[in-house]
Every structure is written in structure tokens, then in C-alpha cells.
Amino acid sequence: MTASLSFARAGDKKNSPEFEDYIGRLLEERDRIGLTDCIRQIDALMITVEPAHSLAYVAELCVMTPYHYLVTLESESHFTHILRIDMGAPDILVREVKDPNVRGIFRSLNEVYPIGAVKPNSRYMGEVLRVTDPHAVVGMQKARDIRFFNQDQVRKLELPGNMAVVKPSPYTHNIVAYWERPESDIRVYALGWSSIRDDMQAAYEAAKSTQKKLGIGDLLLPIDHLATRIYSQNREAAILEYLTLSSYYYWGSYDIADQNSSTNVTKSVHYANELECPAKVFTAANHPYFMNHLLTESPTEAFVRNFGPRLHHIAVAVKDGETAALANIDYVVKSLRDCGQTFLLDVIGSKEEGLKQIFSSASEYSSLIIEYVQRFGGFQGFFTKDNVAELTHAAGVEESLKALQEAAQS
Ligand SMILES: [Fe+2]
């Protein structure tokens, strides 16, 4: 039996006594009933984009990440493109809504937020978790008050039929889905008609030839972490809810005081290597927005108020080492800048601190930022506080500019 409470705790942010009580009880019970061992790795990430945007978004991802285009699944009102590195890292499902008038729950989650509403079909949806016994997992989760879409709703949402899908979290607005897959089997999504689309294949091949020309293809590794931004008051609930839904443990929280924010990290109990199963990070302001005028502004709370709680960035790992006398991350960023990709700041951190990081500009198609992160010499730490403060600040500057632009247009 896996002991979810046996991992060392990192971080400096204090939690409430209730949080410390609940986490012990939740994880002890999760282990005892066998749920921790039944739920394995993240097998796929699901992202939805606006009509006619998926071709450009897949092309963008195929330049900026190690993902390959595999196949397109066409259903009545969606195209779902499957991107894969290999079976050792999660797939990305990029889903395009065909008709701009289609309404649904994921669109509704965007529509009450001023900037989220501008691209109502664009958002990160959530993760598909591999489980060993879906019937048992769904039963155990229902007994713990987790709500699922029924089979009819899953069919109407045009999500793969071979999944049990949890309704969006009230704290993160993300979903998780469970499906069964023996580890030796390839991932097959039960959805619509499958084909390799000529336009997608051509865009994919062009993207990979760009990567090759730039010499960055071999430097990009799988996803290191996924970072979700949430309202300040939901910090502890969002962490505990994700531990309820997954087989992750609580790694710890750091206070990023000068950005009025905290970074809260959870990781898989089964996969020590994030590249096989990404860490899930939750970022929340330290106090609610209505205290800003008495305390300090928070870029994190401002983001959540503008976009809604949602995934903020996907961090892609960069191989340790140097290329052309530059740290690989510097080489990757320079190469991408040379072909037009913009970034929110310069690469921050250093070899001495163990870690270098950067944020790209938010994608025009998904609104998601790509973070690149290079760890030096087997650095074990997950991040440095100075880096996180600088990244949070840079993202906040871009978002406030966007908010001003939206206000000017409305
Ligand atoms: Fe990050």
C-alpha cells in the first residue's frame, strides 16, 4: 500500500490547522481504501480552442514542445486532434468547436469573466487519469461526494466514451476524467471518426522542420508541471480537492510575499519523475482583491478575476546542458525569438541557483503560457522564490495590458 503521507514537506507557507487535519485524514483514507493505488498517471491533457484555431495551435505546439501530431477524431460538433510524444508522457488533446454558436458547460465557465469571455471556447479543460479499475474508482469517488457527468452527458459533450468524467471543480474549473488502460496498451480514444488530416499533417511537418532547422528539437523534454490559478480563499480547498481526485501528495507551499501570492505544489505518489507524470501547481493570492487598496495588488487575483480560475501555464522541461556556448534554455529561447515567438521577460535564474526559467507570451489560441524550465546538474528543488516572483510579475504586466485593451474596446 502506498503511504501518501510519507513524503517530506517543503515550503514556508503556513496552512490552517483544519487543512493539516483534513490532509492527514483524506490521504490516510485514500490509501486505506485502495484508491491511491488504483489511480496512476496523467495520461492526457485536454484543451479546447475556438472554431478554425486548432490548426494554428497544433502547429504552435509542435514548434514549441516535443509533441507530434498523430490523428484527428471528428465528431458531430468537434474536431479533436491527438498530440503525443510517446507512451512515457501524457498526450495532449486539442479540441476545436466547429460552430461558434455551440453552447456548453466549458463555454459557460469562460463567459462570466471579462477577458475569458472574449474567447469563450478557449480553455484548458483538465486531465485524463489512468486507473486500474474504473468501476471501483467511480464507486469510491461517488461515495466521497464527487459528481460525475452521466454517460448521456459525456456523449453530448463529445468527450471520449471510454472515460468517466468528473464535473468541473468549483475551485479550479478544471475536470478530471478516469479511464482504464493496461500500461502495455497504447492510448485509444473512443470518439468519432479517425483520420490523419492533410492540413494538420502538413502543418505538423512544417513545425518539425522549423524545430530541426533551429536545432531545438532534441533539447525539449516533456511537461514538468501544470500551473492553475485560483481565488485566494480557495487555496486550501483546491489542493485538498486535487488530492481527493488523484493519487498526488502535497509537496508544499511557498509564500511569494512581494507578489502577494503563494505557489502550492502537488506531485504523483507513483512517479517521482515529473516528466512521466507532471506536477500540479496551484497559485493563489494571499488576500482577496478587496484588500488590495489596504495591502498590495496581486497579479494572481487579477488574473483570476479577468479569466476565471483556470490553467495559467504549461511548463516544458529543457534538457540540461549547453548548445553553442549557451545554456540550452537560452539557446531555445534565442532560436524561438529569432523566428518570431515572443516572451514576457528574459530567461531568469542561474546555473548556480540550479534552475533557469522563462514564460512565453500567452498563446493567441489557447490563452496558455508555455514556461521553459532547465534544471542544472540534477537540481532537486522545484523552483526558486526569486524566479517565481519575477515570472508572476511579468505575467501580471501582460495581463493588465490586455485588460486595458479589452476595456478600451468594450
Ligand atoms: Fe511554473
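**Exercise 1. Place Gln-259 in the fold, classify its burial and list its contacts.**

Solution. 
- Step 1: Gln-259 sits in the loop between β11 (248-256) and β12 (261-268). Helices (H or I, at least four residues) and strands (E, at least two) are DSSP runs, numbered from the N terminus.
- Step 2: The relative accessibility of Gln-259 is 12%, so the residue counts as buried. Buried means under 20% relative accessible area, exposed over 50%, partly exposed in between (1.4 Å probe, protein chains only).
- Step 3: Leaving aside neighbours within four places in sequence, Gln-259 contacts Glu-297, Ser-298, Pro-299, Ala-389, Thr-392 and His-393. Contact means heavy atoms within 4.5 Å.

Two notes on the model apply throughout. This is a predicted model, in which local features need pLDDT of at least 70, side-chain atom pairs count only at pLDDT 80 or more, and totals for chains, interfaces and linings use all residues. Residues are numbered from 1 along each chain as its sequence is written, and side-chain values use heavy atoms, with hydrogens and water left out.

**Exercise 2. Describe the sheet that holds β11 and β12.**

Solution. 
- Step 1: Nine strands form an open sheet, in the order β1-β11-β12-β13-β10-β14-β19-β18-β17. The pairing is mixed. Two strands pair if DSSP finds at least two bridges between them.
- Step 2: The edges are β1 (10-11) and β17. Each has a single partner strand, so one side of each lacks a neighbour in the sheet.
- Step 3: β11 and β12 run antiparallel, paired over eight bridges. Gly-252 has Val-265 in β12 as its bridge partner.

**Exercise 3. Identify the protein donors of the iron ion and locate the two histidines.**

Solution. 
- Step 1: The protein donors are His-225 (NE2), His-313 (NE2) and Glu-371 (OE), at 2.0 to 2.2 Å from the iron ion. Donors are N, O and S atoms within 2.8 Å of the metal (3.2 Å for Na, K and Ca); water is not among the atoms, so sites may look incomplete.
- Step 2: Along the chain, the donor spacing reads H-x87-H-x57-E.
- Step 3: The histidine pair links distant parts of the chain, 88 residues apart. His-225 is in strand β10 (residues 220-230), and His-313 is in strand β14 (residues 310-318).
- Step 4: His-225 is buried because its relative accessibility is 5%. His-313 is also buried, at 7%.

**Exercise 4. Work through two aromatic pairs and one ring cluster.**

Solution. 
- Step 1: The whole structure contains eleven aromatic pairs. Rings of Phe, Tyr and Trp (its six-membered ring) pair if their centres lie within 6.5 Å; planes under 30 degrees apart count as stacked, over 60 as edge-to-face and the rest as tilted.
- Step 2: Phe-148 and Tyr-178 have ring centres 6.2 Å apart and planes at 45°, so this pair is tilted. Phe-148 lies in the loop between α5 (134-143) and α6 (151-157), and Tyr-178 lies in strand β8 (residues 175-180), 30 residues apart. Both residues are buried.
- Step 3: Phe-343 and Tyr-372 have ring centres 6.4 Å apart and planes at 45°, so this pair is tilted. Phe-343 is buried at 10% relative accessibility, and Tyr-372 is buried at 0%.
- Step 4: Tyr-242, Tyr-248 and Phe-282 are linked into a cluster by ring pairs.

**Exercise 5. Find the residues that touch the most other members of the largest nonpolar core.**

Solution. 
- Step 1: The largest nonpolar core has 81 residues. A nonpolar core is a set of buried Ala, Val, Leu, Ile, Met, Phe, Trp, Tyr and Cys residues joined through side-chain atoms within 4.5 Å.
- Step 2: Tyr-178 and Tyr-372 touch the most other members.
- Step 3: Not counting residues up to four places away in sequence, the contacts of Tyr-178 include Ile-39, Leu-129, Phe-148, Met-163 and Leu-245.
- Step 4: A second, separate core has 21 residues, among them Val-71, Val-128, Leu-157 and Leu-191.
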